[in-house]
Amino acid sequence: MKNKLLLLTVLLGWSIVMSAQNGIIKGIITDKQTGEELVGAAVVIDGTTIGTITNFMGEYELPPLSDGTYNVRAQFISYDPILINNVTISNGEVKTVNIQLSAATMDIDEVQVVAKANRESENMLLMEQKNAVIAAQAIGAQELSRKGVSDAEGAVTKISGVSKQDGVKNVFVRGLGDRTNSTTLNGFPMPSEDPSYKNIALDMFPSDIIQSVSVDKVFSSTTTGDVGGANIDIKTKILQSDQEVAISVSGGANAQVLDGNFMKADGVNSFGFANNYSGPTGTHPTSFDFQNNLDPSAVDYRFNQSLGISAGKKVKINDNDLSMFIATSYSSSLSNQEGAQRSMINDGTVDKDLSFDKYDINTNHMVMGNLDYQWLNGNNIAYNILLVHTNSQYFAEFEGYDNDALQSGAARDSLLLHRQQVNDNLLMVNQLYGSFNLTHNLKLNAGLAYNSINSNEPDRRINFLYLDDGQYQTYTRKGMNQRYFSVLNSSDLNMRMMFDLDLNENSDKLSQLSFGYTNRLVADSFDAVQYEMRLQNVETIVFNSKEDVSFDYIYNEQRFNEGEIFLERINSIYDVNKYVHSGLVNGVHEFNSKLVGMAGIRVDYVDIFVDFAGSVADDGTLHGRETNGSQNLFILPSANLKYSINDKHALRFGASRTYTMPQSKELAPFEYIGMTFKERGNPNLQPATNNNLDAKWDYYLSAGEIISIAGFYKHIQDPIARYSSNNAGGFLLYDNVGDMATAAGIEFEMKKNLLYNNESEIGKSHKLTWGLNASYIYTNVKLRVDPGSQPTDPNSQLEGAAPYIVNTDLSYTYKKNNSSITATALFNYFSDRVYSIGYDGMPTLMEKGIPTLDFAVTGKINKHIGVSVKLLNALNPEFEYYRTIENTGQRIELEEYKKGSSLSIGLTYTF
């Protein structure tokens, strides 16, 4: 701690000393029309190498200058440069020179340059969207800050056609969920931290490390082939100024957490790290060697908290820039849900009716580092390292009636259930990549990435008691009391080698051919252990009240040693290796000043091998072993056109073919017991094929304003889905549920400045902006009829596809010199959508649409101090899942709860 304080003192002292020498020229650079600060704009003393670039707030400060008169030049990509003549400075003087730049008309040759520009700015991302051949959407750090978004998951849900389903990781894009999407970090694929999902959880990436998040819903041969909904690419932050040191802290609370006791599962320390001990060994263990208690404890804190530190510096090596940036953050949040959970049989009879109280604690630790070295003629090489540790834990108490658990004839209020679950994940990312000019018209983009994930679910605990005549007593039926441990280790090696050949170097028209090779080598190893605990040779244990209940009193080492506890260990494993080799060719050609075309073909060879063992004996012998492999060759053509009607209007069209591979868990016949459902994989799953058509019209009102309308159509062959069946175990299964499925829709987006008043002579401005995106999505799958299980209805919407999605925000910004304040209100609504398709007479399970309202206020007191206030989920709507009986129209609410509103206050200091 002393070393950290010494470092901060030295940096602060250095800043004061430097500012006292000679004279200083500083100011803010903004867009002349919109007033938006331009991040990464260059400011130099004309005719010299003395210069700097603007920071995140558009601010610049030139190095100290001796007495004299100078000409100051400012320039930014896609803006007209400006020269401010005869700026006089004297010793000790600090002179403010604010500069406004006007947007220039960008020709097609600048498309590649824009991709290298600062992608935190809303204006820059919109310009990139304007000049790309393919329709693209992205949200940058500037917009994330304005909207109070805390992670990548929150970022993508602000984009049209994207929605989040509560209780389900990751997002749905154009009605398609996790299986059909892909996630990349700086263009490299990412493995999942959860065996239940294909994609890594987006909330693992805090906004502190995000430069921008793009959602590519239109495909080309340069996009990964295994995608049907969208590819979500997260760009990590890089240094935007010559040097930077910033510290941010925040605190707050969820309103529902502050009432009553808050209970915490045992096995996670106060810093959010789990005890990952795996439990005793042997099919019938000879010891009761569990490290965690079965009983929860009350926590003595109730507040959310976060801390972030970032620092960076640019240095010269052989007159070339080496940029160094590091960021680290910690956050912890608590939430509480009170609600009800029910289940029913086909005729509407409720056979489970439980009230629940659920307490969640989520912790995130992150460290990110970036090195970027650039030299003559645009060559550069970069290295990124990222470590993310997440821990989510909950304790839930259920009370009520469960006919399946207690068997027929049990009393209505006869069950007490405790469930405790911990998920502890560690992600490590290493990326080395660069861009090299081999000749005057040939460029190489090459990179290598190695990712590893260790995902633990240590000691999930499920315990039951039976309530009879006011007393809680033990119930020894098999499967009622369990402990469960699982580990997923995943390694993911990626390589890319792409060449860009300029075919028309002597002309202003763009004509470029890209070709190359990429691969992805993934190895998943999953190991699960389940312990069955049952009392034997002991009388029924009774508690007179719920406050007296102690599962540690029932299940402990002493009772085990005395032969009163039967303990059985069931071990199962699976390994999935997936190798993807891809070759691709992609061409871009500018036919004239209005028409640009892109066409290409991608060839993917996919080799998958699955090795599963239903149980593992003490000597390592595998029982119920199944091995399965498949090799697939996919030929994926794509074509895209952009027609610029004029500088304000553009039309884009796209056609492509992609595919969807089954997930690792879906291919292994492994049985997973979830909180509500049991699932089992299917090694006979076949990949689905997606045929995609896209069209979009953009109207660019100004540098920061747009109106756009997009339409899409997807024809999906052999769609994969999860379905319920009348099998004896009651498992949810996976299959190619139909011959074809359809997804089609229309998306509308608008960004508009309602008010802008810039009084540059006194450094004051006002701006009121409105953003809106809305989607209508139609999906349908004609379900296949299985001899053992038939769909309740012949057709269904796709799971998670909300027909209507609306996002809108209203922001007001006031600035005066180094002070500013931005207030934003955000509203989201999605309509009712399918949660699970019904089979065998069971009605489809629906999720009720809800409105969400958030408020965010951010501001700068001065150049160094920033503040923020966020109110999330202000309406606190009730989440609800229901089924409707077709014959009677009766609606059965199967789950309902509220999440509570959260308030947080943050402070940032920038040196």
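These legends describe close-up views of one predicted model.

**Figure 1. Confidence along the chain.**
The chain averages a pLDDT of 85. A score of at least 70 is reached by 90% of the residues. Over residues 1–20, pLDDT is below 50. That stretch has nine contacts in the model beyond near neighbours in sequence. Over residues 105–117, pLDDT stays under 50 as well. Here the model has 24 contacts beyond four places in sequence. Where pLDDT is low, the predicted coordinates should not be read in detail.

**Figure 2. An open sheet of five strands.**
The strand order is E9-E14-E15-E12-E13. Pairing in this sheet is mixed. Which strands stand at the edges? They are strand E9 (137–140) and strand E13 (188–189). Each has a single partner strand, so one side of each is left without a neighbour in the sheet. Now look inside the sheet. Strand E12 (residues 182–185) and strand E15 (residues 231–236) run parallel. Four bridges join E12 to E15. Follow Leu185 across to E15, and its bridge partner is Ile234.

**Figure 3. An open sheet of four strands.**
Read the order as E3-E2-E5-E6. The pairing is antiparallel. Strand E3 (51–53) and E6 are the edge strands, each with a single partner strand, so one side of each is left without a neighbour in the sheet. Neighbouring strands of this sheet are turned by 20° against each other on average, direction ignored. Strand E2 (residues 42–45) pairs with E3 in the antiparallel sense, over three bridges. One place to look is Val44, whose bridge partner in E3 is Gly51.

**Figure 4. Asn86, a residue with positive phi in a strand.**
Asn86 lies in strand E6 (residues 82–89). Asn86 is not a glycine, yet its phi is positive, about 60°. Is Asn86 buried or exposed? Its relative accessibility is 60%. The cut-off for exposed is over 50%, so Asn86 counts as exposed.

**Figure 5. Asn876, a residue with positive phi in a loop.**
Asn876 sits in the loop between strand E49 (865–872) and strand E50 (878–884). Its phi is near 45°, a positive value in a residue other than glycine. Is Asn876 buried or exposed? Its relative accessibility is 18%. The cut-off for buried is under 20%, so Asn876 counts as buried.

**Figure 6. Strand E37 and its partners.**
Strand E37 covers residues 688–702. Eleven of its 15 residues are buried, so E37 is largely enclosed by the rest of the structure. Strand E34 (residues 649–660) runs antiparallel to E37. Twelve bridges join E34 and E37. In this pair, Ser656 stands opposite Asn692 of E37. Strand E38 (residues 705–717) also pairs with E37 in the antiparallel sense, over 13 bridges. Find Tyr700, and its bridge partner in E38 is Ile706.

**Figure 7. The largest cavity.**
The structure holds six cavities of 30 Å³ or more. How much space lies in the largest cavity? About 130 Å³. Rolling a probe the size of a water molecule over the atoms shows where empty space is left. The lining of the largest cavity is made of 17 residues. Gln137, Arg174, Lys696, Ala710 and Glu747 lie nearest its centre. Three strands, E37, E38 and E41 (738–759), each supply at least two residues of this lining.

**Figure 8. Gly738 and its surroundings.**
Gly738 is found in strand E41. Its relative accessible area is 0%, so Gly738 is buried. What does Gly738 touch, not counting residues up to four places away in sequence? Its contacts are Asp718, Pro719, Lys782 and Arg784. Ala721 is 17 residues from Gly738 along the chain. The C-alpha atoms of Gly738 and Ala721 are separated by 8.9 Å.

Methods
Residues numbered from 1 in each chain as written. Predicted model: local features only at pLDDT ≥ 70, side-chain atom pairs only at ≥ 80, totals over all residues. Heavy atoms only, no water. Pairing = 2+ DSSP bridges. Buried < 20%, exposed > 50% of the residue type's maximum accessible area, 1.4 Å probe, protein only. pLDDT = per-residue confidence, 0-100. Contact = heavy atoms within 4.5 Å. Axes fitted to C-alpha atoms, helices over the stretch in contact; angles between N-to-C directions. 1 Å grid on protein atoms, 1.4 Å probe; cavity = no way out; pocket = protein on both sides within 12 Å on 5 of 7 lines; lining within 4 Å. Points joined across faces, edges and corners; volume = space filled by probe spheres on them.
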